[in-house]
Structure formats: C-alpha cells, structure tokens
Amino acid sequence: SVGSNGLMHEGIISTQLGLPGKPALAEELMVERDIKLADYTQSKLHFTGISSARSLELIKNAKEKGIQVTCSVTPYHLLFTEDDLKSYDTNLKVNPPLRGKEDRDALAEGVKSGLIDAICSHHLPQDIDHKTVEFEYAENGMNILQITYSLLKKALPGIKEETIVNLLSKKPREIFGFAPVTVQKDQPAQLTLFNPEAEFTFTKSRNRSKSVNNPFLDSNFIGAAIGIINGKQVYLNS
C-alpha cells in the first residue's frame, strides 16, 4: 500500500524526527476502495483499527447509504498522537501509526456517538530484543490486553459500563456472527469480573505478561478487570 514503509504518521513531527512517514492517505484509499467493493458485491465489511478522521468519515457515509460496513479502533489510538513519539519510545511504534490530535479526537467522538462499533486491543506482545533497539528497527505493537478496560476508562472519562461491555464483548460477537454469551442455570459460566472504582498503578510486578512492551507501566488507573470465571474455574488478578 501507499507509504507501507513508513515508521510513523507522515507530517511535521516525522520530518522533525527524521523518520520515514506513512500518510493517512495510505489507509484512506484502501478504506474507500474496499467500501466501493463491498457496495458492488453487496457484502459485509469490517475495518479493524482505523486511525484517521477521514477513514471514519468514509465509513459514516457508507453506513448512511446502507452499505454493510462496521469498524473498530484500538485503545491507544484514543490516547496517543504523533506528538508522543518525540521521545522515540519504541513501545509507541504501532501499525497503523499514531496520527494527529484531530484524528484522535475524531475517533473518540466516533466511539461516543456509536459510529465506531467495537474496540479491538490489537494486543501484540514483543520480546525485549525487538523493542530495545533504535526506533527504525523496532517491531510494531504493544502489550495491552490486561489493561484494555482500564485504558477505555482513561481515554473516555464518564463512559458508561454498559457501553464498554457492548464495545468489547456484545457488538464484536454480533459483527462476526457468534452466539451471545448468556447467564443461565446449569450452563457453564463465561464471565469477566471488573471493578469500575478500583484504583491501581500498573507496575511491572502487576503485569501478567512475559512481555513488557507497554508504554503504560507506572501509570495510574481507575477501573480494573479483576478476574474471569470459566465454567467451574475462577482466576483472580490479585
């Protein structure tokens, strides 16, 4: 695709940092093309991890025309922008790249309005050798599955718990045709436990992954996933 070799969003910041840029146009052209193909074939289409305001506008127009299109966004695209790359933190090297403030704000508004259908963590652990290198040589991705719920609370203050459940669980199952999870007597339980008011600092000792490519270490959060129930097994994150 256009600009596929870029390390970050193409713009003033990429020029200042001396890094190759990947323009938002690279994404937007593919979004526009795929929407036209979905319309032509009368197919369903889902975009995962959109990153630009223009992509969201194209999806909005498609939905208004009755084209069967849905989309998701990552938690970190709701929090970070290209400005945060001035530190050359390789944990912020992701694909698609972090874009401008106007893109981040448009995505956040898209979640609030219901235009964005789901949240996808894009959880991508990397070993230390693939992140503790020059930015140019680092692999894409960050390790955030454990704190995805907490990140949504941080990115979207005041978001309703019901909305988070819809974004992370209910709507994705609808989009991909999975049966809804129900709570019924004598049936195996599949539940995630979370505490909306829990205050904690996400430290290395609290991190349950073997990977540490996480830009949120030592960050404070309100709201935590505290465990799961899977059948007769209960796992608590104490």
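This is a predicted model: local features need pLDDT of at least 70, side-chain atom pairs count only at pLDDT 80 or more; totals for chains, interfaces and linings use all residues.
- Ser211 sits in the loop between β6 (190-202) and β7 (219-230).
- Is Ser211 buried or exposed? Ser211 has a relative accessible area of 12%, and a residue counts as buried when that value is under 20%, so Ser211 is buried.

**The nonpolar core**
- The largest nonpolar core contains 51 residues.
- The residues with the most contacts inside this core are Ile35, Phe47, Ile59, Leu78, Val111, Ile147 and Phe216.
- Here is a general idea to go with that: in soluble globular proteins, nonpolar side chains tend to be buried together.
- What does Val111 contact, leaving aside its neighbours within four places in sequence? Val111 is in contact with Val73, Leu78, Ile116, Ile119, Leu156 and Leu167.

**Helix α4, which carries Val111**
- Helix α4 covers residues 101-113, which makes 13 residues.
- Asp103, Leu107, Ala108, Gly110 and Val111 are the buried residues of α4.
- Looking down the axis of α4, you would find these buried residues within an arc of 155°, so they line one face of the helix.
- Just after α4 comes Gly114, with a positive phi of about 90°.

**The parallel sheet**
- Three strands make an open sheet in the order β3-β4-β5, and their pairing is parallel.
- β3 (45-47) and β5 stand at the edges with a single partner strand each, so one side of each has no neighbour in the sheet.
- Three bridges link β3 and β4 in the parallel sense, and His46 stands opposite Thr70 in β4.
- Helix α3 packs on this sheet and touches β3 and β4; its direction makes about 150° with that of β4.

**The antiparallel sheet**
- Another open sheet has three strands in the order β6-β7-β8, with antiparallel pairing.
- Which strands stand at the edges? They are β6 and β8 (233-236), each with a single partner strand, so one side of each is left without a neighbour in the sheet.
- On average, neighbouring strands of this sheet are turned by 20° against each other, direction ignored.
- β7 and β8 run antiparallel and are joined by four bridges.
- Looking across to β8, Ile229 stands opposite Val234, while Gly227 has Leu236 as its bridge partner.
- The hairpin of β7 and β8 has two residues between the strands, and Gly231 in this hairpin takes a positive phi near 65°.

**Helix α5, lying across that sheet**
- Helix α5 lies across β6 and β7, running at about 145° to β7.
- Why is α5 (residues 148-155) described as largely enclosed by the rest of the structure? Because seven of its eight residues are buried.
- Those buried residues are Thr148, Tyr149, Ser150, Leu151, Leu152, Lys153 and Ala155.
- They pack against β5 (118-119), α6 (161-175), β6 and β7.

Definitions and conventions
Residues are numbered from 1 along each chain as its sequence is written. Side-chain values use heavy atoms; hydrogens and water are left out. A nonpolar core is a set of buried Ala, Val, Leu, Ile, Met, Phe, Trp, Tyr and Cys residues joined through side-chain atoms within 4.5 Å. Buried means under 20% relative accessible area, exposed over 50%, partly exposed in between (1.4 Å probe, protein chains only). Contact means heavy atoms within 4.5 Å. The expected span of a helix is 1.5 Å times one less than its number of residues. The arc is that of the directions from the helix axis to the C-beta atoms. Two strands pair if DSSP finds at least two bridges between them. Axes are lines fitted to C-alpha atoms, for helices over the stretch in contact, and angles run from 0 to 180 degrees between N-to-C directions.
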